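Here are my notes on the model you sent, as numbered points. Please read them with the structure open.

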Amino acid sequence: MVRFDDVGLSYAGHPEVLHDLNFELAEGAFRWLLGPSGAGKTSLLRLMYLAVRPTRGRLSILGADVASLRRRSLPRLRRRIGVVFQDFRLLGHLSVFDNAALPLRLAGRPEGQIRADVGEMLRWVGLAKKADARPAELSGGEQQRAAIARAVVVRPNLLLADEPTGNLDEIQAERLMQLFKEMNRLGTTVVVATHNDALVSRHPARALRLERGRLIGTTCEPVAAYALPEPEVQ
Amino acid sequence: MMSRHNLLRPAGFDELGLRRALADRMLPFLVAAMAFLAALALAGWIGAASLARLWQAGAGTSLTVQVPHPADAAHGGETRLEHVVGMLRENPGVASARALSANELNALLEPWLGAGADRLGLPLPGVIAVRLTEPGFPLGALAERVREAVPGTRLEDQGIWITRLATLAQSLQLCAAAALLVVAGVAAAVIAVATRGGLAARREAIEIVHGLGASDSYIAGQFAARATLLAAAGGIAGGVLALPVLLGLANLAAPFGTTSEQAGAFAMLPVGLWLLLPGLPMVAAAIGFTTAQATVRRWLRQLP
């Protein structure tokens, strides 16, 4: 599903931000991605959602070797990965419906199916009544739920979230976690990067721990149930 | 708003917000200006070409021969004039040869000498109007024989002037072609700059859509569709605006050609121009499409 072999990443002209990453995520796994600010969590997620390619090592995402993949093969792979950002990244000039429908339209799905799927997804995240609103008319929590609807509407194999609760209050953060757990239960591999210790302790699961660009704690074997507390790795 | 979702995907669904990023004022205006110039250059091209044809067809096949002392006797009881006419008519390549009458000569000279030039008693040469079967027929040998038989005869070969005028017309055509190329280049540059402006303005939206799995061809297609539409609109506007100017110029140039003012506006412009003018918006649209495609695809290469 996801496999890192000695992966290193540096941005052009800068020292390496991620070093010697080795881990594997099985299909249906759930992982917290933990670590202090600047540890490289966002860079690790960027590698996984194909916003950057590793500068060394071997990275396999959804069974595809990212380094050897041609650039024009990447979009198809990206459509199988859902991403939720802290700042939502909704398109301000489109309605909630059109934002959530975007991945399906990019994939060229028929409009009838799009209407059904997006309608269902908006009901699932509780935004059915706001389908025609612009993102600016929504609260932070509603915008985040719209972003999640967009991320999961294509039923991605891999769902990544970067500080998804950063702009949400406790109740909304809790609701978000329920959505992630539901997706995971349906078979999606989920990785959530967060600083929110309270959230992690309420939803114990295995974690990838990063510090200064290195993985200091990892779980390599497939995990049947994410709800197991992760053994501390020193 | 909800009713919109009941229809099929709206044809002009604007994911990237290009309707604002590639605004519908400046770009069509600039393309219209380019199309206007292109229409003038096209008219110049066609005008030069038809003038060259006209000169070659008219002057290229005509020739005047001057025979001094035309009434003096030559061989066989003929006058010198009659002898030259006979020689010319027997020559292959000459369609007709006709000596101008005294009245015709007087009419030719009237602007310079006034009416009644014959009364001045000037020793006027005989003038023979010759038509050749084809322009540029070689006359060297004929001129030689005529001069030998009737000394003093002069063939006014207009070939050299035709060659010079043809060269002039050709260089005019080259200028028009160069103008067309420059105009097309500037139009492409204008569209490239506008497209880059649109890319900068919608960078965030493009990155989002790219991250969601939009291919380069999808994003480039969105820009190209918009640029094509705006360029075509500009091309139509420029072509339409150029029409009255072209008609005015054709009116001024009418004495040089064969068309007449009374024949109506349609006949005033050459048919070729009427056929090419509708091509302007199409060429503008093609330039808009290819330029936007190339610009966006090159820009997208900076994204992974």
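1. Buried residues account for 46% of the 234 residues in chain A. This is a predicted model, and the figures in this note should be read as computed from it.

2. On overall form, the radius of gyration of chain A is 17 Å, close to the 17 Å that the globule rule gives for 234 residues, so chain A is as compact as a globular protein of that length. Along the principal axes, its C-alpha atoms fill a box of roughly 50 × 40 × 35 Å.

3. Chain A has seven helices and 10 strands. Of its contacts between residues at least 6 apart in sequence, 67% join residues at least 24 apart.

4. In what order do the strands of the six-stranded open sheet of chain A run? The order is β6-β7-β8-β3-β9-β10, and the pairing is mixed. β6 (81-84) and β10 (214-217) of chain A are the edge strands, each pairing on one side only. From one strand to the next, the twist averages 20°.

5. At the β10 edge of that sheet, β10(A) is joined to β9 (residues 207-211) of chain A by three bridges, and the two strands run antiparallel. Arg209(A) has Gly217(A), in β10(A), as its bridge partner.

6. Helix α5 (residues 140-152) of chain A lies across β6 and β7 (158-162) of chain A, and runs at about 170° to β6(A). Helix α6 (residues 170-185) of chain A lies across β3 (30-34), β7 and β8 (189-193) of chain A; its angle to β8(A) is about 155°.

7. β1 (residues 2-10) and β2 (residues 16-25) of chain A run antiparallel and are joined by six bridges. Together they form a hairpin with five residues between them. In the turn, Gly13(A) has a positive phi of about 75°.

Terms used. Residues are numbered from 1 along each chain as its sequence is written. Chains are lettered from A and ligands numbered from 1 in the order in which they are written. This is a predicted model: local features need pLDDT of at least 70, side-chain atom pairs count only at pLDDT 80 or more; totals for chains, interfaces and linings use all residues. Two strands pair if DSSP finds at least two bridges between them. Helices (H or I, at least four residues) and strands (E, at least two) are DSSP runs, numbered from the N terminus. The radius of gyration is taken over C-alpha atoms; the globule rule is 2.2 Å times the number of residues to the power 0.38. A residue is buried if 20 or more other C-beta atoms lie within 10 Å of its own, exposed if 12 or fewer, and partly exposed in between; C-beta atoms are placed from the backbone. Two residues are in contact if their C-beta atoms, placed from the backbone, lie within 7 Å. Axes are lines fitted to C-alpha atoms, for helices over the stretch in contact, and angles run from 0 to 180 degrees between N-to-C directions.
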